[in-house]
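Please look over the sequence and the model before reading on.

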Amino acid sequence: MTTEDPESISARNGHSQCLFCGRENPWSLKLAFRADGDAVKTTFQPHQWLQGYDGILHGGIISALLDAAMTHCLFHNGIRAVTGDLRVRFLQPVSCRTILGLRAWMLSAKPPLYGLKAELTCEGQIMAWAEAKFMRQASP
């Protein structure tokens, strides 16, 4: 797994305008995933513009955050791939007013297919998790 700067990983993989990690998108959350053993992780504070119900992070945003974490796990392993199947489980409502953690790791690698898992946590408690299948994309 690479320990390359998260900003350069995003840019090199065509994510400079990404809503979650893009450095050139003014609305981006500018997430910076770092290697953590065989996984990647980051922490962030969501803002109120991402809520569904009052004070609660929107489920679509949660799904996209989990997908982004898994995508970055692939990037850190030198793999550029797209999501083919995404299964999300919501365990608890997620507050927009707290620090959240994201972590993702690879479950299987059978190129061109990859299986990954990600978790969204708050104070060590898993709030939501996802498993996904990704398919490798040819380099541009």
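A nonpolar core is a set of buried Ala, Val, Leu, Ile, Met, Phe, Trp, Tyr and Cys residues joined through side-chain atoms within 4.5 Å. The model discussed here is predicted. By that definition, the largest nonpolar core has 37 residues, and α2 gives the most to this core, with 9 residues.

**Overall fold**
- The chain has 2 helices and 6 strands, and their order along the sequence is α-β-β-α-β-β-β-β.
- Of the 140 residues in the chain, 44% are buried.
- When contacts between residues at least 6 apart in sequence are considered, 61% join residues at least 24 apart.

**Nonpolar core**
- Within the largest core, the residues with the most contacts are Leu57, Leu65, Leu66, Leu102 and Leu120.
- At least two core residues come from each of β2 (39–44), α2, β3 (81–90), β4 (100–110), β5 (113–122) and β6 (125–136).
- In soluble globular proteins, nonpolar side chains tend to be buried together.
- Leu120 touches Phe44, Ile62, Leu66, Val94, Leu100, Gly101, Leu102, Gln125, Ile126, Met127 and Ala128, with residues up to four places away in sequence left out of the list.

**Helix α2**
- Helix α2 covers residues 59–76, and 15 of its 18 residues are buried.
- The expected span of a helix is 1.5 Å times one less than its number of residues, so the 18 residues of α2 should span 26 Å. The end C-alpha atoms of α2 are 26 Å apart, in agreement with that value.
- Gly78, which follows α2, has a positive phi, near 75 degrees.

**Ser63**
- Ser63 is found in α2.
- Ser63 has a relative accessible area of 16%; the cut-off for buried is under 20%, so Ser63 counts as buried.
- Apart from neighbours within four places in sequence, Ser63 is in contact with Leu86, Val88 and Phe90.

**Aromatic rings**
- The number of aromatic pairs in the structure is 0.
- The ring of Trp129 has the charged end of Lys117 over it, at 4.7 Å from the ring centre.

Notes
Residues numbered from 1 in each chain as written. Predicted model: local features only at pLDDT ≥ 70, side-chain atom pairs only at ≥ 80, totals over all residues. Heavy atoms only, no water. Helix = DSSP H or I, 4+ residues; strand = E, 2+ residues; numbered from the N terminus. Buried < 20%, exposed > 50% of the residue type's maximum accessible area, 1.4 Å probe, protein only. Contact = heavy atoms within 4.5 Å. Phe/Tyr/Trp six-rings, centres within 6.5 Å; stacked < 30°, edge-to-face > 60°. Lys NZ or Arg CZ within 6 Å of the ring centre and 35° of its normal.
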